[in-house]
Amino acid sequence: MVHELAIVNDRQPGDTIVRVAVNEDYQQDQVVNVEPLSVKRFKNVVRQVYDYSCGSAALTTLLDYYLGRNFQERQVMEGLLRFGETERIVQRRGFSLLDMKRLVTALGHPSGGFKAEEEDLIALDHPAIAPIHYAGFKHFIVIRSVYEGRVYVADPALGNISFTLPRFLEIWDNNVLFIVFPNGHKPATGLELHEEDMRFVSDYIIAENTFREFPEFQIRSEHTISNQIYAMKDNAQTSFGPKLDADGKAVRNEDGNIVYEVLVETKADGADPDDFNTYVATDRSDVIEKHLRFRRK
């Protein structure tokens, strides 16, 4: 019994202790394995080692997790240098789709580069490498799938991420797709979508919460300068909002639409001069509303 009690099992990386039912008679500790976000984000994605190696990392991701090969990025880089246009690779410090095609052909896989449109992207049934122009850089990513208006990609620099379809069409470089076919073999499933891959925060939710938390993000620099100049003058506070009746309800026209009006307040009306001539957001948490405050002539 003493021997058994003395044995402590080795913990795996990511194991942590969670105490259940704290302050209760039946509280207990459980070992839970927590996978770091950095590991989860790059699951089945080969992370590029060098700034210029996104092409080799993207190709390695496709070879390993779709075609079932077992390569390291270094091996793929050496293969691209051997079968590709070596002088041009050194000159531009990066790999091209032609270099990739020559290597996969040497490995026995048929492949092809295609000029595609939005409809082709939606109907895509193979993972494909695509060039994008993003954040000021040209980059290679692997398109995993297009599902319900979002493009899910394996990015050698950022991991598993997604774009809205309109946003991806904006950054898609020359609408090119490079597809490598399994050549009769059953493809691996490493790049297939899973439920956890489709969890994302919508862009408009991020924008709304940002503007509510940091209303100064809505103020342009030229407006900030104007605010400082006009704040020293005899001003009025003006806002644009719904017209209200005596009961405080919004007035509607014959078509049922809300009627809006310009409201002007001066010092005599009790307006705070510190609020004159500034661009601000309302304090209401359920709506984002901009008020324009400007100089009264």
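Phenylalanine 42 sits in the loop between H2 and H3. Helices here are DSSP runs of H or I with at least four residues, strands are E runs of at least two, and both are numbered from the N terminus. At 13% relative accessibility, phenylalanine 42 counts as buried. Buried means under 20% relative accessible area, exposed means over 50%, and partly exposed is in between, with a 1.4 Å probe and protein chains only.

Before I go on, a word on the model. It is predicted: local features need pLDDT of at least 70, side-chain atom pairs count only at pLDDT 80 or more, and totals for chains, interfaces and linings use all residues. Residues are numbered from 1 along each chain as its sequence is written, and side-chain values use heavy atoms, with hydrogens and water left out.

Back to phenylalanine 42. How far apart are phenylalanine 42 and proline 156 in sequence and in space? They are 114 residues apart in sequence, and 8.2 Å apart in space, C-alpha to C-alpha.

Asparagine 44 counts as partly exposed, because its relative accessibility is 24%.

Glutamate 148 has a positive phi too, about 50°, and is not a glycine either. Look for glutamate 148 in the loop between S5 and strand S6 (150–155). Glutamate 148 is at 69% relative accessibility, so it counts as exposed.

Now the core. A nonpolar core is a set of buried Ala, Val, Leu, Ile, Met, Phe, Trp, Tyr and Cys residues joined through side-chain atoms within 4.5 Å. The largest one has 27 residues. Which of them touch the most other members? Leu59, Met100 and Ile129 do. Five elements are listed as giving two or more residues to this core: helix H3 (54–65), helix H4 (73–83), helix H6 (97–106), strand S5 (137–147) and strand S8 (176–180). H3 gives the largest share, five residues. In soluble globular proteins, nonpolar side chains tend to be buried together.

Next, charges. The structure holds six salt bridges. A salt bridge is a side-chain nitrogen of Lys or Arg within 4 Å of a carboxyl oxygen of Asp or Glu.

One joins aspartate 29 and arginine 19, at 2.7 Å, N to O. The pair links distant parts of the chain: aspartate 29 is in strand S2 (residues 28–33), arginine 19 is in strand S1 (residues 15–20), and they are 10 residues apart. Aspartate 29 is partly exposed, at 42%. Arginine 19 is partly exposed as well, at 49%.

Another joins arginine 88 and glutamate 85, at 4.0 Å, N to O. Arginine 88 is partly exposed at 48%. Glutamate 85 is partly exposed at 22%.

Is aspartate 99 buried or exposed? Aspartate 99 is at 0% relative accessibility, so it counts as buried. Arginine 92 is partly exposed, at 34%.

Last, the surface. Glu117, Glu118, Glu119 and Asp120 form a negative patch. Patch residues have over 30% relative accessible area and no salt bridge; like charges are joined within 9 Å, nonpolar side chains (Val, Leu, Ile, Met, Phe, Trp, Tyr) within 5 Å. Asp and Glu count as negative. Aspartate 120 is in helix H7 (residues 118–122). At 40% relative accessibility, aspartate 120 counts as partly exposed.

Terms used. Areas by Shrake-Rupley, 256 points an atom, 1.4 Å probe, with all protein chains shown as cover. Charge placed at Lys NZ, Arg CZ, Asp CG, Glu CD.
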